[in-house]
Amino acid sequence: MPRYLTMIRVDEQNAPAEGPSPELMERMGALIEEMTKAGVMLDTAGLTPTSEGTRVTWSGGKMSCTDGPFTESKEVIGGYSIVQAKDKAEAVEWTKRFLRTHEEFWTITVEVREIVTG
């Protein structure tokens, strides 16, 4: 069965400073538990803010490292999941369910891409 990477993009500057509400975390936890029991969820996690990240770039034969925050970025990857689904349509349906756990004031985009295997 194909695997998919979902990259959860958030606008760090417009996300709630206190982070997700306890109610959101409860809804998200219930969905993740359901997906795990169904054999769909393989891995998931949130990521630290860009202020704690480092970008490593290879360009023109030279390496450079830039510490965050990355002010030129409006949307950043705030989390990810790896899901196993029968097809992309099923992976997208699970992603829609994940997005619906959030309150209306959140602005989130999730990119769903199939993981290529050798």
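1. W58 sits in strand β3, residues 54-59. Strands here are DSSP runs of E with at least two residues, helices are runs of H or I with at least four, and both are numbered from the N terminus. W58 counts as exposed because its relative accessible area is 60%, and exposed means over 50%, buried under 20%, partly exposed in between (1.4 Å probe, protein chains only).

2. Before going further, a word on the source: this is a predicted model, with local features needing pLDDT of at least 70 and side-chain atom pairs counted only at pLDDT 80 or more, while totals for chains, interfaces and linings use all residues. Numbering starts from 1 along each chain as its sequence is written, and side-chain values use heavy atoms, with hydrogens and water left out.

3. Back to W58: together with V56 and M63 it forms a nonpolar patch on the surface, with about 390 Å² of accessible area for the three. A patch takes residues with over 30% relative accessible area and no salt bridge, joining nonpolar side chains (Val, Leu, Ile, Met, Phe, Trp, Tyr) within 5 Å and like charges within 9 Å. The areas come from Shrake-Rupley with a 1.4 Å probe, and for residues only the protein chains shown count as cover.

4. Now the overall layout. The protein has two helices and six strands, and from the N terminus the order reads β-α-β-β-β-β-α-β. The C-alpha trace spans about 45 × 40 × 20 Å along its principal axes. Of the contacts with a separation of 6 or more, 78% are between residues 24 or more positions apart, a contact being heavy atoms within 4.5 Å.

5. The accessible surface comes to about 7,900 Å², and carbon and sulfur atoms own 54% of that.

6. Charges next. There are 13 positive and 19 negative ones, and their mean positions are 7 Å apart. Lys and Arg count as positive, Asp and Glu as negative, with His and the chain ends not counted; each charge is placed at NZ of Lys, CZ of Arg, CG of Asp or CD of Glu.

7. How many salt bridges does the count come to? Six, where a salt bridge is a side-chain nitrogen of Lys or Arg within 4 Å of a carboxyl oxygen of Asp or Glu. One of them is R27 with E103, closest N and O atoms 3.3 Å apart. This pair links distant parts of the chain, 76 residues apart: R27 is in helix α1 (residues 22-37), E103 in the loop between α2 (88-100) and β6 (108-114). R27 is partly exposed at 34% relative accessibility, and so is E103 at 21%.

8. E93 and K96 make another salt bridge, with the closest N and O atoms 3.4 Å apart. Both lie in helix α2, three residues apart, or about one turn of the helix. E93 is partly exposed at 41% relative accessible area, as is K96 at 37%.

9. E111 forms a salt bridge with R113, the closest N and O atoms being 3.3 Å apart. Shared partners join R9, E111 and R113 into one network. Relative accessibility is 25% for E111 and 48% for R113.

10. Last item, the backbone: the peptide bond from G68 to P69 is cis, with omega near 5°. Most peptide bonds are trans. P69 falls in the loop between β4 (62-67) and β5 (75-84).
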